[in-house]
Amino acid sequence: MELATKTQRTDAEILVDFSFFIMLFTSFAFSYSFIGRAGIIFFCSVMYLFMLGRRKIHFSYYFIFSIAFILYNLFLIREGYSINAETSMKMTKTLMINWVFAFVLYSYLIIRNDMERVLNLFVKAAFMFTFLIVLISWGDILSTRLGINANLSIAGIIIEHNPNSIAIISAFSYVISLYTLLLYKSKGNLLYIMINLFCALWFVIIILLTGSRKGLIMVILGTALLMFLLYPEKRTKNLLISVCVLFILYSALMNVPWLYTIAGSRFEAMLNAVLGKTVEEGSLMTRLHYIHLGWEYFLQRPWTGYGLDCFRYLRYAYETYSHNNYIELLFSGGIIGFVLYYMPNLIMYKGIISLSRQAINVFKVGFVIFLIQQATEYASVTYFERIPLTILIIALACLKLANKMKKASNSLSV
């Protein structure tokens with residue numbers, strides 16, 4: 001979990017890095033509570049002073065599209081297209097707060113210009129969070145999915161944790177730890193190799209204990225993408241190794257009793273659904289039903305949709321969401337809202353493709369965690385969540401910094 005390069009930091013940089021770490025940990029452990037909000041306020045306040053001191057702010061095309069998305073949803077509310085204006089307005093206010101948070105975070109990442117340290121802080125915060133979850137759940141850690149009983153009581157408020165959320169945070173951290181492990185392996189630093197090997201294994205075990213299908217897919221996809229980007233000349237070798245590891249993992253999931261109970265049975269149900277076989281798992285069938293329901297309603301209002309966070313008011317929706325970010329946005333704001341939200345992502349895909357070979361390795365890690373985040377959005381609703389937003393802004397900053405280095409290199413070579 002150590003940095004690949006160590007630079008002397010000023011007191012202001014130490015403070016702002018600490019505030020970033022606090023924001024991450026409180027967002028992981030105390031989301032949707034006053035502690036989580038306090039962590040974000042602390043980070044934004046420190047960053048405000050930091051930006052004043054540096055007299056720098058940074059902007060991106062992403063923020064223009066985000067403003068347009070917010071304004072478009074305000075238009076839908078005003079014109080009566082939202083089937084519940086109060087609910088849609090509440091969600092729109094959340095998006096406004098997220099916009100401010102994203103703007104501050106982006107400026108932090110660009111001004112600090114130290115992505116190694118940023119990713120290291122992410123892993124440290126995730127490790128502390130998952131260690132806390134294990135301590136809380138120790139009594140039934142092998143009998144049920146990790147996170148189901150990992151509730152915290154703070155000032156009379158119960159803070160619940162979702163196994164999938166724990167797994168997703170762990171999957172991002174696994175990819176970062178794997179990158180750092182490979183980095184120190186090339187340098188022959190045994191101590192840091194062992195530290196990061198432990199971290200990578202820790203996060204994989206956490207994901208297995210949560211029984212999260214999304215977490216497992218993120219590990220598989222993240223490993224493949226990272227190896228492809230870091231070692232493009234060794235594709236065949238890495239493919240064979242990946243197939244062997246997958247076979248071992250699948251065998252363990254299907255044949256180790258406690259692993260099958262927690263994770264294997266869920267993974268098997270997902271494979272059956274993909275292959276068109278009979279699926280008996282209730283939760284998976286319910287999610288597929290929600291996705292189908294959202295698509296059917298979208299076809300009835302393909303341009304305007306029904307308003308943000310209004311899926312819950314549909315018959316047979318049972319006051320929940322569609323469990324698919326793409327369907328949720330199509331349902332909420334129609335094609336126009338969908339395009340406004342995802343256009344920055346399309347621009348980022350183009351940038352990632354053009355820089356995938358030229359960017360330094362730490363930026364490639366940012367690209368990988370962004371891509372696997374996009375893959376999970378087929379099975380989760382994330383447009384208002386701050387952890388997925390953090391991943392997106394990290395990738396956006398990686399693109400910006402990679403382009404700056406490319407321009408600087410080109411100017412020197414002329």
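**Salt bridges, surface patches and local backbone features**

Glu79 comes out as partly exposed, because its relative accessible area is 39%, where partly exposed covers the range between buried (under 20%) and exposed (over 50%), with a 1.4 Å probe and protein chains only. Its partner Arg78 is exposed, at 70%, and the two side chains meet in a salt bridge with an N to O distance of 3.0 Å. A salt bridge here is a side-chain nitrogen of Lys or Arg within 4 Å of a carboxyl oxygen of Asp or Glu. The model is a predicted one, so local features need pLDDT of at least 70 and side-chain atom pairs count only at pLDDT 80 or more, while totals for chains, interfaces and linings use all residues. Residues are numbered from 1 along each chain as its sequence is written, and side-chain values use heavy atoms, with hydrogens and water left out.

A search of the whole structure turns up seven salt bridges. Arg9 pairs with Asp17, with the closest N and O atoms 2.9 Å apart. Of these two, Arg9 is partly exposed at 26% relative accessibility, whereas Asp17 is buried at 2%. Glu13 and Arg112 make another salt bridge, at 3.5 Å from N to O. That pair ties together distant parts of the chain: Glu13 sits in helix α1 (residues 11-29) and Arg112 in helix α4 (residues 85-112), 99 residues apart. Helices are DSSP runs (H or I, at least four residues), numbered from the N terminus. Both Glu13 and Arg112 are buried.

Turning to the surface, Lys56, Lys400, Lys404 and Lys407 gather in a patch of positive charge. Patches take residues with over 30% relative accessible area and no salt bridge, joining like charges within 9 Å and nonpolar side chains (Val, Leu, Ile, Met, Phe, Trp, Tyr) within 5 Å. Lys and Arg count as positive and Asp and Glu as negative, leaving out His and the chain ends; the charge is placed at NZ of Lys, CZ of Arg, CG of Asp or CD of Glu. Lys56 lies in the loop between α2 (34-54) and α3 (61-78) and is partly exposed, at 46%. A nonpolar surface patch is formed by Leu190, Met194, Leu197, Leu201 and Ile205, with about 490 Å² of accessible area together (Shrake-Rupley method, 1.4 Å probe, only the protein chains shown counting as cover for residues). Leu201 belongs to helix α7 (residues 190-210) and is partly exposed, at 49%.

Helix α3 has 18 residues and spans 26 Å from its first C-alpha to its last, close to the 26 Å expected at 1.5 Å a residue; the expected span is 1.5 Å times one less than the number of residues. Among the buried residues of α3 are Tyr62, Phe63, Phe69, Ile70 and Leu76. After α3 comes Gly80, with a positive phi near 85°.

Positive phi also turns up in residues other than glycine: Asp309 has a value near 65°, and His323 one of about 65°. Asp309 is in the loop between α11 (282-300) and α12 (325-355), and His323 is found in the loop between α11 and α12 as well. Asp309 is buried at 13% relative accessibility, and His323 is buried at 11%.

Technical notes
Helix = DSSP H or I, 4+ residues; strand = E, 2+ residues; numbered from the N terminus.
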